Amino acid sequence: MLLATVVDLILPEKNITRQIIDFIGSPIIAPLIALLFSLYSFGYARGFSSKEPLKFTNDCLAPVASIILLIGAGGGFNKILTESGVGSAIAGFAQHAHLSPLVLAFVIAGLIRAAVGSATVAMTTAAGIVAPIAATMPGVSPELLVLATGAGSIILSHVNDSGFWIVKEYLNLSVPETLKTWTVMETILGFASFAIVMVLSLFV
């Protein structure tokens, strides 16, 4: 996949070599090749029969399937909240709060992250709202604005967030345990990052 990215930068689109490498490095074919290689290197090459790698593969499917199901459900719920206009409602409320662009970016991103669950949606929505406001205000550092938006987008990870379920399943935690550990850690990280941004804003 890395090779495909490099080739895309140096070879023209119609080049046959680029097309072949793009196919091999596509997000579907590349993992398939890795899977087939792992079945050979960790299976046949180590003396296992054909049935034993199949058993190993089947044993791995149950936990992976539950994670994929939960991520899909979280993504579906995220889409429902996004299409229902929750992000726009929060953004409209925050726009009239008369706050510093840095604080506004952090607050909007944090509220949308909590409501929708997606850090990407939180960042893009907050950036789209705060950027025009910041452009009219002299002295606002765009770099700090990006950092403030990123800090707000990682707080309050909970059951709406697919990352929450990945951590829960991989570490075999209950929902309350994940809230007490992962959610708290993400929130502390977000507020600590924002505090550093505000300190930097005094000097930048």
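The protein chain holds ten helices and zero strands, where helices (H or I, at least four residues) and strands (E, at least two) are DSSP runs numbered from the N terminus. Read from the N terminus on, its elements run α-α-α-α-α-α-α-α-α-α. This is a predicted model, in which local features need pLDDT of at least 70, side-chain atom pairs count only at pLDDT 80 or more, and totals for chains, interfaces and linings use all residues. Residues are numbered from 1 along each chain as its sequence is written, and side-chain values use heavy atoms, with hydrogens and water left out.

**The chain as a whole**

- Of the 204 residues in the protein chain, 30% are buried; buried means under 20% relative accessible area, exposed over 50% and partly exposed in between, with a 1.4 Å probe and protein chains only.
- Take the contacts (heavy atoms within 4.5 Å) between residues at least 6 apart in sequence: 63% of them join residues at least 24 apart.

**The largest nonpolar core**

- A nonpolar core is a set of buried Ala, Val, Leu, Ile, Met, Phe, Trp, Tyr and Cys residues joined through side-chain atoms within 4.5 Å.
- The largest one here has 20 residues, and Leu102, Ile108, Val130, Leu145 and Ala148 have the most contacts inside it.
- Four helices each supply at least two residues of this core: α6 (101–116), α7 (119–135), α8 (142–153) and α10 (175–201).
- Helix α6 gives the most, with eight residues.
- Ala148 touches Leu102, Ala105, Phe106, Phe194 and Val197, leaving aside its neighbours within four places in sequence.

**Pro101 in helix α6**

- Pro101 lies in helix α6 and is buried, with a relative accessible area of 5%.
- Beyond its neighbours within four places in sequence, Pro101 is in contact with Val130, Ala134, Met137, Val140 and Leu145.
- Pro101 and Ile133 are 32 residues apart in sequence, while their C-alpha atoms are 7.2 Å apart in space.

**Helices α9 and α10**

- Helix α9 (residues 162–170) packs against α10 at an angle of about 110 degrees, with the axes 10 Å apart; axes are lines fitted to C-alpha atoms, for helices over the stretch in contact, and angles run from 0 to 180 degrees between N-to-C directions.
- The two helices are therefore roughly perpendicular, given that angles under 35 degrees count as roughly parallel, over 145 as roughly antiparallel, 65 to 115 as roughly perpendicular and the rest as oblique.
- On the α9 side, Gly163, Phe164, Trp165, Val167 and Lys168 meet Val175, Thr178, Leu179, Trp182 and Thr183 of α10.
- By class, the residues of this contact are six nonpolar, three polar and one charged; Ala, Val, Leu, Ile, Met, Phe, Trp, Tyr, Cys and Pro count as nonpolar, Asp, Glu, Lys and Arg as charged, and the others, Gly among them, as polar.
- Thr178 lies in α10 and counts as buried, at 0% relative accessibility.
- Leaving aside its neighbours within four places in sequence, Thr178 is in contact with Phe164, Val167, Lys168, Leu173 and Thr183.

**Helices α1 and α2**

- The axes of α1 (residues 2–10) and α2 (residues 16–24) come within 8 Å and cross at roughly 155 degrees, which makes the pair roughly antiparallel.
- Their crossing is left-handed.
- Leu3, Ala4, Val7 and Asp8 of α1 make this contact with Arg18, Ile21 and Asp22 of α2.
- The contact of α1 with α2 has four nonpolar, no polar and three charged residues.

Terms used. Left-handed = near helix turned anticlockwise from the far one by under 90°.
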